[in-house]
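Take a walk through this structure, from the overall build to single contacts. Keep the sequence and the 3D view side by side.

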Amino acid sequence: MTLGNLFKAAGFYILSVEKRETFWPTGYEVIRKEVSTELFTEICRLEGVTSEKGNLIIIAEK
C-alpha cells in the first residue's frame, strides 16, 4: 500500500498492483538445465511461497 501511495503522490495513476508469487531459486541456471519446464515452474513457485522476499509489479501511467 505504501508503494502505491508513493506512486500516487508522484502523480501516477495506478492501473494494477500484483504481488509476485514466484522467484528463481539460487543456482537457477544449473537447475533449469537439469529438470523439465514443468518441474522448474513448480520449483520457482515453491521458492516464492517459502521465501521472505517480497516483490510487487506496479503498472502505472502519468
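Of the 62 residues in the chain, 15% are buried. Buried here means under 20% relative accessible area, exposed means over 50%, and partly exposed lies in between, with a 1.4 Å probe and protein chains only. The model is predicted: local features need pLDDT of at least 70, side-chain atom pairs count only at pLDDT 80 or more, and totals for chains, interfaces and linings use all residues. Residues are numbered from 1 along each chain as its sequence is written, and side-chain values use heavy atoms, leaving out hydrogens and water.

Start with the fold. The chain has 3 helices and 2 strands. These are DSSP runs numbered from the N terminus (helices: H or I, at least four residues; strands: E, at least two). Along the sequence their order is α-β-α-α-β. The chain's radius of gyration is 16 Å, well over the 11 Å that the globule rule gives for 62 residues, so the chain is more spread out than a compact globule. That radius is taken over C-alpha atoms, and the rule is 2.2 Å times the number of residues to the power 0.38. The C-alpha trace spans about 45 × 20 × 15 Å along its principal axes.

Now look at charge. Side chains of opposite charge can pair when their charged atoms come close. The structure holds 1 salt bridge, meaning a side-chain nitrogen of Lys or Arg within 4 Å of a carboxyl oxygen of Asp or Glu. Arg45 makes it with Glu42, and their closest N and O atoms are 2.7 Å apart. Both residues belong to helix α3 (residues 37-50); they are 3 residues apart, so about one helical turn separates them. Arg45 is partly exposed at 35% relative accessible area. Glu42 is partly exposed too, at 33%.

Next come the rings. There are 2 aromatic pairs. One of them joins Trp24 and Tyr28: it is tilted, with 4.4 Å centre to centre and 40° between the planes. Rings of Phe, Tyr and Trp (its six-membered ring) pair if their centres lie within 6.5 Å; planes under 30 degrees apart are stacked, over 60 edge-to-face, and the rest tilted. Tyr28 is partly exposed, at 29% relative accessibility.

Another ring meets a charge. The charged end of Lys62 sits over the ring of Phe12, 5.1 Å from its centre. The rule asks for NZ of Lys or CZ of Arg within 6 Å of the ring centre and within 35 degrees of the ring normal.
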